Amino acid sequence: VSFIMILLTNMKQTTIQAILVIITLSIITSEANDWNFQISSYEPFVVVPTKYVCTSSSYNVSFDYGDGVSPGFFYNDPPKGTKNVLILYWDTSFSFLHWGIDYLPTVATYIPEGAYPNNMPEGSKSMFNPVTEYAGYLGPCPPKGSNNMYTATAFARSTQFNDIEPTADALVIVNKLLTDGKTIAFAQVSNVFPGHI
C-alpha cells in the first residue's frame with residue numbers, strides 16, 4: 001500500500017488540521033526553505049523501523065513492540081538571526097507529541113541515533129509531556145489497525161526562549177510557533193507506522 005493511500009484511508013480531522021498548519025508554515029517561511037533538516041536513521045516516507053517504536057515499558061502496554069531507540073537528526077547551519085532551534089517529533093494523525101527538543105545549537109548539528117537520554121547536544125532540553133508524565137523520546141505506538149503519520153519538524157527561531165507550556169497536543173505547540181512571528185524557517189520529514197496487529 002502506498003504512503004499516499006495510507007494517509008487518505010486514515011485521514012482524521014486532526015490530520016487535516018496538521019496538514020493545513022504545515023501548508024501555512026510552508027508559505028510564511030518560503031524564503032528560507034533551503035534549510036536542510038533530516039532524520040538520519042531512516043529515509044522519508046517509509047515505515048518507521050521497529051527499532052525506533054515504543055517498547056512495553058514506554059506505554060505500559062502488554063506487548064514488546066520495538067526497541068524504543070531515539071532516531072538521529074541532522075540540520076545544517078540555520079538561517080541568519082536564529083537564536084534557538086527546536087525539534088518536534090509528533091503523530092500528525094492524533095496531534096500527539098512524542099518528543100520535543102528545545103535549546104538546540106544554532107550551528108550545523110548532528111544528533112546521533114540513540115542520543116536520548118545520555119548523548120544529547122549540550123544545553124538542549126527535552127520537553128515535558130503531561131499526559132505521559134515524561135520528558136524524553138517516546139517511540140510511535142499507534143492503536144491497533146491504524147496507520148499513523150509521524151512528522152519530525154525543526155524550527156529555526158529568532159528568540160532564545162520559546163516559553164511553551166507543557167502539553168501533549170503537538171498542534172498547540174505548532175500553532176504557537178506559527179503565530180508568534182518568531183519562526184524564521186522550518187523543515188520537516190514524515191513517515192508512517194501501522195498499528196499493532
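Trainee: How many bridges join β3 to β4, and in which sense do they run?

Mentor: The strands β3 and β4 run antiparallel and are joined by six bridges. Within that pairing, Tyr-89 stands opposite Trp-99 in β4. The two strands form a hairpin with four residues between them, and in this hairpin Ser-95 takes a positive phi near 55°.

Trainee: Which strand pairs with β3 over eight bridges?

Mentor: That partner is β9, which pairs with β3 (residues 84-91) in the antiparallel sense. Here Leu-88 is found opposite Thr-153 of β9. As a general idea, the side chains of a regular strand alternate between the two faces of the sheet. As for cover, ten of the eleven residues of β9 are buried, which leaves the strand mostly covered.

Trainee: What can be said about the cover of β4, and which strand pairs with β4 over two bridges?

Mentor: Strand β4 covers residues 96-104, and eight of its nine residues are buried, so the strand is largely enclosed by the rest of the structure. The partner over two bridges is β6 (residues 125-126), again in the antiparallel sense, with Ser-126 of β6 as the bridge partner of Ile-101.

Trainee: Now to the helix: which residues of α4 are buried, and why do they line one face?

Mentor: The general idea is that an α-helix has 3.6 residues a turn, so residues three or four places apart point the same way. In α4 (residues 170-179), the buried residues are Ala-170, Leu-171, Ile-173, Val-174, Leu-177 and Leu-178. Viewed down the helix axis, the buried residues of α4 fall within an arc of 160°, and therefore they line one face of the helix.

Trainee: Which residues does Ile-173 contact, once its neighbours within four places in sequence are left aside?

Mentor: Ile-173, which sits in helix α4, is in contact with Leu-88, Leu-97, Met-127, Ile-164 and Thr-167. Its relative accessible area is 1%, so Ile-173 counts as buried, the cut-off being under 20%. The C-alpha atoms of Ile-173 and Gly-100 are separated by 9.7 Å, although the two residues are 73 residues apart along the chain.

Trainee: How many disulfides does the structure hold, and which parts does the pair of cysteines tie together?

Mentor: In general, a disulfide is a covalent bond between the sulfur atoms of two cysteines. This structure holds one, formed by Cys-54 and Cys-141 with their sulfur atoms 2.3 Å apart. Cys-54 lies in the loop between β1 (37-39) and α3 (56-59), and Cys-141 in the loop between β8 (134-135) and β9 (147-157), so the pair ties together parts that are 87 residues apart in sequence. The torsion about the S-S bond of Cys-54 and Cys-141 is about 45°, and the disulfide is therefore right-handed. Both Cys-54 and Cys-141 are buried.

Trainee: Is Tyr-137 buried or exposed, and where does Tyr-137 lie?

Mentor: Tyr-137 lies in the loop between β8 and β9 and is buried, with a relative accessible area of 4%. Beyond four places in sequence, Tyr-137 touches several residues, among them Tyr-52, Tyr-89, His-98, Trp-99 and Tyr-116. The side chain of Tyr-137 also reaches the backbone oxygen of Tyr-52 at 2.5 Å.

Trainee: Which side chain does Ser-190 join in a polar contact?

Mentor: Ser-190, found in strand β10 (residues 183-194), joins its side chain to that of Thr-151 in a polar contact of 2.7 Å. Ser-190 is buried too, at a relative accessible area of 12%.

Trainee: Where does pLDDT stay under 50?

Mentor: The general idea is that where pLDDT is low, the predicted coordinates should not be read in detail. For this chain, the average pLDDT is 81, and 77% of the residues score at least 70. However, pLDDT stays under 50 over residues 1-11, where the model has 15 contacts beyond four places in sequence, and likewise over residues 27-32, where the model has eight such contacts.

How values were computed. Residues are numbered from 1 along each chain as its sequence is written. This is a predicted model: local features need pLDDT of at least 70, side-chain atom pairs count only at pLDDT 80 or more; totals for chains, interfaces and linings use all residues. Side-chain values use heavy atoms; hydrogens and water are left out. Buried means under 20% relative accessible area, exposed over 50%, partly exposed in between (1.4 Å probe, protein chains only). The arc is that of the directions from the helix axis to the C-beta atoms. A disulfide is a pair of cysteine sulfur atoms within 2.5 Å. Contact means heavy atoms within 4.5 Å. A polar contact is a pair of N or O atoms within 3.5 Å; within protein, one must be able to donate a hydrogen and the other to accept it, and residues adjacent in sequence count only if both atoms are side-chain atoms. Two strands pair if DSSP finds at least two bridges between them. pLDDT is the predictor's confidence in each residue, from 0 to 100.
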